[in-house]
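Here is a briefing on one protein chain. Look over the sequence and the model first, then work through the points below.

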Amino acid sequence: MKKDYEAWIQFYMEFADKLRHADRKVLIERIKGVYASIGMRLPKLERDDEVIDIDPFTIFGLFNKGISNVNRIHILSGFAREFGVTAPVPQSFDGIPVMNNQAATFYYFIGDRGERDIDNLWELFHAALDYADDAGEGNRRRFVEAYDAVLAQRGIKWNMTMGLFWIRPYVYLNLDSRNRWFILDDKNMPSEFVNSLNKLIAPPDGEEYLELIARCKAVLTSGAYPYDSFPALSCCAWQTSEAVNRQMRLGQGGDVAKVQEEAPVDALASSEDAVRYWLYAPGQGSAMWEKFYSQNEMGIGWAEIGDLRAFSTKEEMKQRMKEAYDPTCSYMNAAHATWQFANEMKAGDIIFVKRGRNLIIGRGVVAGDYVYRQSDSQYPHRRSVKWTHKGEWPHPDGQAAMKTLTDITPYTEYVEKLCGLFDGEGEADAEEKSVPCPEYTATDFLSQVYMQSEAYDTLVGLLRTKKNVILQGAPGVGKTFAAKRLAYSMMGAMDPNRVMMVQFHQSYSYEDFIEGYRPAANGFVLNKGAFYKFCKAAETDDENEYFFIIDEINRGNLSRIFGELFMLIESDKRGVQLQLLYSGERFAVPKNVYIIGMMNTADRSLAMLDYALRRRFAFYEMRPGFDTDGFRAYRMSLGSEKFDRLIHCVEGLNGAIAADASLGEGFCVGHSYFCNLTAEKATDRALSAILEYELIPLLREYWFDEPLKVKEWTNNLREALK
């Protein structure tokens with residue numbers, strides 16, 4: 001019986017054999033035919049999309065990069081039909097190293113690569129397969145020569161070992177970042193083996209690589225470890241690193257093995273998931289820096305107040321500080337910092353360490369949850385941190401804040417300057433920077449957003465065709481909740497790096513959105529805006545879809561905000577360049593950027609949208625989802641008769657609102673007023689609070705000149721809860 005990590009091996013090896021005997025002259029056309037047959041766009045393989053040649057490792061890279069498993073299976077099924085692969089199409093891909101979408105070819109584009117670069121990759125491919133079949137001296141020498149020739153090419157580093165692993169996983173050792181991290185830990189491999197690797201600072205040459213393979217294979221076949229082959233090793237490294245990544249991504253802490261066994265939690269809460277940046281002082285005068293650095297930790301004082309998890313509010317913390325220290329002090333800032341340290345900071349956040357107000361002395365990544373160490377009388381409040389930098393850098397923006405811990409995330413320019421201190425000092429490889437994101441499908445969307453499947457299909461079709469859609473409807477129909485989940489469902493993955501949300505308001509401007517001059521210490525500097533930066537990120541990753549979400553789109557001065565981009569956002573004008581107002585730069589909105597706007601139809605104070613913008617968007621009316629399958633299942637899960645009666649009454653109320661000539665369907669009460677309850681939380685008090693403080697005030701606004709109608713429906717709603 002095959003192990004899970006072996007599910008893909010037979011297919012990959014047979015596909016390599018098919019490429020081994022394929023006619024290279026017609027290979028490009030066959031690949032294009034595969035993508036046409038499965039209805040997918042061929043990824044960018046040349047700068048002008050005029051592909052004249054391709055190497056076999058890049059062909060494998062087409063389905064071994066940051067894409068969903070659903071798409072991967074589609075691609076493999078297409079290749080199986082085209083090339084006659086008889087092995088079953090794999091459904092599981094545990095332990096397979098994947099390329100970064102921004103560096104998914106093994107060659108540079110025409111004009112940047114050497115004349116023989118692709119030929120050399122083919123020679124290595126054939127030599128590697130021959131050596132795997134027969135490890136004789138002649139084949140060994142041929143492999144080493146071909147490997148060394150390829151290693152000298154631009155764009156080749158550790159990725160070459162990934163490609164070799166794909167085609168013969170039992171013969172060639174994968175040395176992607178996960179595997180290197182794993183085998184360099186003496187908990188996973190013998191100490192003498194780890195010490196001999198010299199930290200794998202640079203990719204080995206051909207002879208060194210084959211010697212490393214032999215030594216590693218000897219360890220794996222010794223029976224001392226649970227992994228007995230290169231695929232088993234790669235799978236274990238992948239699983240272990242995924243557990244750590246999950247901690248970093250979702251804020252989980254504790255034992256890695258425990259995290260590995262637990263299912264990921266929902267990663268969709270908008271601001272909760274974003275990386276936050278903190279400025280931190282390790283003790284008075286940074287006296288604890290050396291200790292915290294050596295222990296891979298950070299800590300704060302206030303030992304006298306005890307375990308921070310015992311407090312349910314900041315106010316409780318303040319009162320305890322007054323009791324323990326000085327009752328005449330407010331402790332407002334101190335309680336705020338301790339509360340954030342225990343409850344808001346999470347794994348994956350970035351820490352900048354300061355000394356005094358003029359010096360930055362380190363940087364790190366939070367790696368664990370809050371821990372209380374009662375035995376430490378000075379700094380009992382701790383978090384584990386992976387410190388990435390230690391040194392001295394002048395503070396880039398005047399003097400730093402004086403507080404021990406400061407959330408600096410909102411100050412984007414300041415954060416960029418601090419990040420700039422460490423640019424170029426990282427050690428990650430270009431092809432391995434991305435972290436795989438959890439899948440998110442249409443089924444996931446429909447289970448969370450109360451919409452019928454036919455309506456979802458219509459909405460997705462509109463957005464794919466028009467590229468710009470505005471979700472409109474009354475407050476409470478779930479527009480904001482649905483927007484990001486719509487993006488994730490279309491991407492097939494919960495990747496927050498490809499989704500950005502802004503909110504328009506009366507003061508929002510072209511300078512915020514695209515570019516403009518801002519005051520600085522020495523005059524004015526040209527800063528790029530949110531949409532410009534987002535488009536530039538999408539431009540470098542054109543194989544993936546990006547979604548820019550605009551909340552309250554009708555509250556901004558749209559002509560002023562979009563400026564010359566009125567034309568560029570049209571679906572048939574994507575890729576067309578115009579000159580920007582301030583910089584004079586030629587700028588285009590990429591084809592892979594989608595814009596989702598949101599607006600409340602019940603907001604009487606807002607003017608109609610600018611006609612020039614209106615004709616560039618499709619408008620989708622979101623309606624209350626009380627009659628959807630998802631909301632019905634939600635109602636049943638609560639098991640509350642009063643909740644059912646209240647919803648029934650609200651449905652009647654919506655009928656009255658829709659029939660009112662001065663209101664209409666756009667003012668109906670949405671379902672989101674009643675969401676996020678559980679059987680335990682759907683109490684009389686909770687339902688009454690929704691009624692008294694949300695629904696009834698809304699009715700008074702709707703029928704401000706019809707007090708009898710307000711009274712009638714107020715009584716009806718209250719009666720439903722008796």
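Tyr372 stands opposite His381 in strand β6. Strand β5 (residues 371–372) and β6 run antiparallel, joined by 2 bridges. This is a predicted model: local features need pLDDT of at least 70, side-chain atom pairs count only at pLDDT 80 or more, and totals for chains, interfaces and linings use all residues. Residues are numbered from 1 along each chain as its sequence is written, and side-chain values use heavy atoms, with hydrogens and water left out.

**Overview**

- The chain holds 29 helices and 16 strands. Both are DSSP runs numbered from the N terminus: helices are H or I with at least four residues, strands are E with at least two.
- Of the 722 residues, 50% count as buried. Buried means under 20% relative accessible area, with a 1.4 Å probe and protein chains only.
- Take the contacts between residues at least 6 apart in sequence: 71% of them join residues at least 24 apart. Contact means heavy atoms within 4.5 Å.

**Strands that pair with β6**

- Two strands pair if DSSP finds at least two bridges between them.
- Ile300 has His381 of β6 as its bridge partner.
- Strand β4 (residues 359–366) also pairs with β6 in the antiparallel sense, over 7 bridges. Here Val366 is partnered by Val385 of β6.

**The parallel sheet**

- What is the order of the 5 strands in the open sheet? The order is β9-β12-β15-β8-β16, and the pairing is parallel.
- Strands β9 (499–503) and β16 (618–621) are the edges, and each pairs on one side only.
- From one strand to the next, the twist averages 20°.
- Strand β8 (residues 468–473) is joined to β16 by 4 bridges. Within that pair, Val469 stands opposite Ala618 of β16.
- Helix α22 (residues 530–539) packs on the sheet and touches β9, β12 (546–551) and β15 (593–600). The direction of α22 makes about 165° with that of β12. Axes are lines fitted to C-alpha atoms, for helices over the stretch in contact, and angles run from 0 to 180 degrees between N-to-C directions.

**Helix pairs**

- Helices α27 (residues 641–659) and α28 (residues 684–702) have axes that come within 12 Å and cross at roughly 10°. That makes α27 roughly parallel to α28. Angles under 35 degrees count as roughly parallel, over 145 as roughly antiparallel, 65 to 115 as roughly perpendicular and the rest as oblique.
- Helix α27 contributes Lys642, Phe643, Leu646, Val650, Leu653 and Ile657 to this contact. Helix α28 contributes Asp684, Leu687, Leu695, Leu699 and Tyr702.
- By class, the contact of α27 with α28 has 9 nonpolar, no polar and 2 charged residues. Ala, Val, Leu, Ile, Met, Phe, Trp, Tyr, Cys and Pro count as nonpolar, Asp, Glu, Lys and Arg as charged, and the others, Gly among them, as polar.
- Helices α6 (residues 137–151) and α10 (residues 206–220) have axes that come within 8 Å and cross at roughly 120°. The two are therefore oblique to each other.
- On α6 the contact uses Arg140, Phe143, Val144, Tyr147 and Asp148. On α10 it uses Gly206, Glu207, Tyr209, Leu210 and Glu211.
- The contact of α6 with α10 divides into 5 nonpolar, 1 polar and 4 charged residues.

**Buried helices**

- Helix α20 (residues 479–491) has 13 residues and reaches 18 Å from its first C-alpha to its last. That is close to the 18 Å expected at 1.5 Å a residue. The expected span is 1.5 Å times one less than the number of residues.
- In α20, 11 of the 13 residues are buried, so the helix is largely enclosed by the rest of the structure. Among them are Lys479, Lys484 and Arg485.
- Just after α20, Gly492 takes a positive phi of about 85°.
- Helix α7 (residues 159–167) is mostly covered, with 9 of its 9 residues buried. These include Trp166 and Asn159.
- Helix α4 (residues 69–83) has 15 residues and spans 21 Å from first C-alpha to last, close to the 21 Å expected.
- Buried residues of α4 include Arg72, Phe79 and Phe83. Their cover includes α1 (9–20), α2 (27–37) and α3 (56–61).
- Gly84 follows α4, and its phi is positive, near 70°.
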